[in-house]
Amino acid sequence: MKLKHLSFALLLLSNTAFAQKAELVSYVNTLQGTNSKHELTRGNTYPTTALPFGMHTWTPQTGKNGDGWKYQYFKDKIRGFQQAHQCSSWTRDYAVFSLMPMTELMVGEDQREAKFSHANEVAKPNYYKVTFDNKITTEISPSERGAHLRFTYPKGERSFLVLDGYNRTSGVKIFPKENKITGWVSNGQGFRNNWKSFFVIQFDQPIQAYGTWDNRDNSVLKDSLLAEGKGKGAYIEFKAGTKVQVKTASSYISPEQAQLNLDRELGSDKTLEQTKANAATVWNKSLGRVAVEGGSQADKETFYSCFFRASLFSRKFYEINKDGKPYYFSPYDGQVHDGYMFTDTGFWDTFRAQFPLNTLMHPEMHGQYMQAMIEAYKQCKWLPSWSFPSEGGSMIGNHAISLFADAWAKGIRTFDPKEALDAYYHEAMNKGPWGPANGRDGVKEYNELGYVPYPKYRESTAKTLEYAYDDYCGYELARMTGNKKYIDIFEKPMYNYKNVYDPSTRFMRGKGIDGTWTKNFDPIEWGGPFTEGNAWHYHWSVFQDTKGLINLMGGNQNFTAKLDSVFSEPNKVKVGTYGGMIHEMTEMVMADLGQYAHGNQPIQHMVYLYNYANQPWKSQFHARQVMTKLYDATENGYPGDEDQGQTSSWYVLSALGFYSVTPGTGEYVIGSPMFKKTSINLENGKKFVVDAPLNDKDHIYIQSATLNGKPYTKNFIRHSDLIKGGVLKLEMSNKPNEQRGLSADDKPFSLTK
């Protein structure tokens, strides 16, 4: 009897553990950050239904075709359910088509939209559901390259479904006897060789009527089976009051591959519930790479919602052929290649935290990504900087080298470092044909003067600072791999940040080609020599040499006083060369943290810099303050643009208790963890635990620490320590320990010692 009771108890314990693990996907709210508009961003996200890093995502559509704001929480009408790939509201989408159920045939996107309430909406990574006021219900569950949808029509009502080919050219072909539609769309920009995204859509109910239509004039051609050209779409009708399941998948390679994707990923799922359960399993495993204990329900919802969003980018752009091997259509040269490819990210945003998080959570995939960047260079003749999915060259900097150096420093060595350095050298010594981050804007002057002059080049001081960091990454990769040629090339320019520091104001400033400082300087003025920010924000962009910056400023006291001033300065704005308020300015003012502008990337690492200057407790305070004040899991959940997982990744890393101030060093700088206990379940099978049993909203300061039982005074932790597994035990207090972490050995990496 005792053995029987013990077995029953173990079974209950096992079931409880499984239930806890299965709950992770339920913490996620995919509506987080969707209450956004052009003037004010609360994330600029849409309710993404997808698998981790999935090639395609699905979303309800409240905006018009081509509108960057696909889904805005404050709107109350939906006009379609889209296959989508958009990185941000500020970037174009591609490979889009949509489906919309209705009881009366109205093909035009304005006419067909249906009213809904958020009370009748469910938004989870593995399942989206909405019931319109007209009683039609739509459900969606994802696969990696497709989705399983279900449309339930009111009893006795006619049951139409409209396929919209979005903008640009498209093609559709209806197979009534097979209850199927195939087709293609070519929306997007920058593609080569007549690029198409091929799709297949399979229905489990008979098609009773059908036709094609043109979204330029909403003309309908009844009984038409085939249409190709600009704006072409299709419609079908089922029996009245039906419930129809719809399986769809797409391919960038061929119609046959689209069908293979459908068969492989959804073929065995008889019901949407199976796809929903399968997707939940995938997400629970992915989210389960971090298990948190303690904290409130709201804290867990925020953490896992951010972890979800951080796990969408970069997207897989490869497919699996009939032999089970990866291959892909290249957006760079228009050819099909064997291997892996990824896209939909902007390195200016994501080199800071999103990719460092991936090195910890998904090192195998990250290794594939490194080789994919080499292949992209060979096909494009330039390294990626902003891909969606072809190269746009947007923003500034040449941050692919940051990814290479960071991967190598962390033992992810799936690429030839000489190839990476050769590619970076080409990037750093030339200007490409696309945007400012395609090659190096101002390269001639940067190499001759040691800085990019203003006003000859816009955003010049920001470019100088980021080029210097990138040159450090080139130097560091060369140093780690013994490449003397590139050590010699990059060891001097990695200090070029000094050339734009003005000791009289203790700010980074715009500098003319003649060496004079830009006149009428005001540190709260945005634009000009800075990118989407001002001098308060960019002063700290010396990722590679914080100690060198401290020395320039006259020592720790001046440095920490200026850090303090970021928060104590009035949150005022001068619009500068922008000519008016942009959303980043509005978000900084709303945050009410002085000149701290967490809604954009340049200053996000700044709260961790106290660790370099003998006041680590202030990093602990401000990291927790930002997490608590500026993030939640609601539609207003972000303090600005989410930006392809970056702003979410800042939260995830910070909630773990550390942050990647300087990618390329293999170090993370310590802050204050969000939870009493956090377990990182590593891909190598080991576990690293951050154990802070006294941690709560008041006990945010680290009194003392041990690493694997030994006293630990450092203000950073190495990636190599994390992946070995172990326990970082933190004794937390409601008062700071102002004597901890003060020795030179306790400081994080800086070039200057």
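These questions and answers look at salt bridges in a predicted model.

User: How many salt bridges does a search of the whole structure find?
Analyst: The search finds 36 salt bridges.

User: Why is the contact between Lys70 and Asp93 called a salt bridge?
Analyst: The N to O distance between the side chains of Lys70 and Asp93 is 2.6 Å. The cut-off is within 4 Å, so the pair counts as a salt bridge. Lys70 lies in the loop between strand 1 (57–61) and strand 2 (77–78). Asp93 lies in the loop between strand 3 (80–84) and strand 4 (97–102). They are 23 residues apart, and the pair links distant parts of the chain. Both Lys70 and Asp93 are buried.

User: What makes Glu109 and Arg79 a salt bridge?
Analyst: Their side chains meet at 3.1 Å, N to O. The limit is within 4 Å, so the contact qualifies. Glu109 sits in helix 3 (residues 109–112), and Arg79 in the loop between strand 2 and strand 3, 30 residues apart. Glu109 and Arg79 are both buried.

User: Which residues do salt bridges with shared partners join into one network?
Analyst: The network holds Lys64, Arg79, Glu109, Asp110 and Glu113.

User: How do you know that Glu445 and Lys456 form a salt bridge?
Analyst: The N to O distance is 2.7 Å. The definition asks for within 4 Å, so the pair passes. Glu445 is in helix 12 (residues 443–449). Lys456 is in the loop between helix 12 and helix 13 (460–481), 11 residues away.

User: Why does Glu445 count as buried?
Analyst: Its relative accessibility is 5%. Buried means under 20%, so Glu445 counts as buried.

How values were computed:
Residues are numbered from 1 along each chain as its sequence is written. This is a predicted model: local features need pLDDT of at least 70, side-chain atom pairs count only at pLDDT 80 or more; totals for chains, interfaces and linings use all residues. Side-chain values use heavy atoms; hydrogens and water are left out. Helices (H or I, at least four residues) and strands (E, at least two) are DSSP runs, numbered from the N terminus. Buried means under 20% relative accessible area, exposed over 50%, partly exposed in between (1.4 Å probe, protein chains only).
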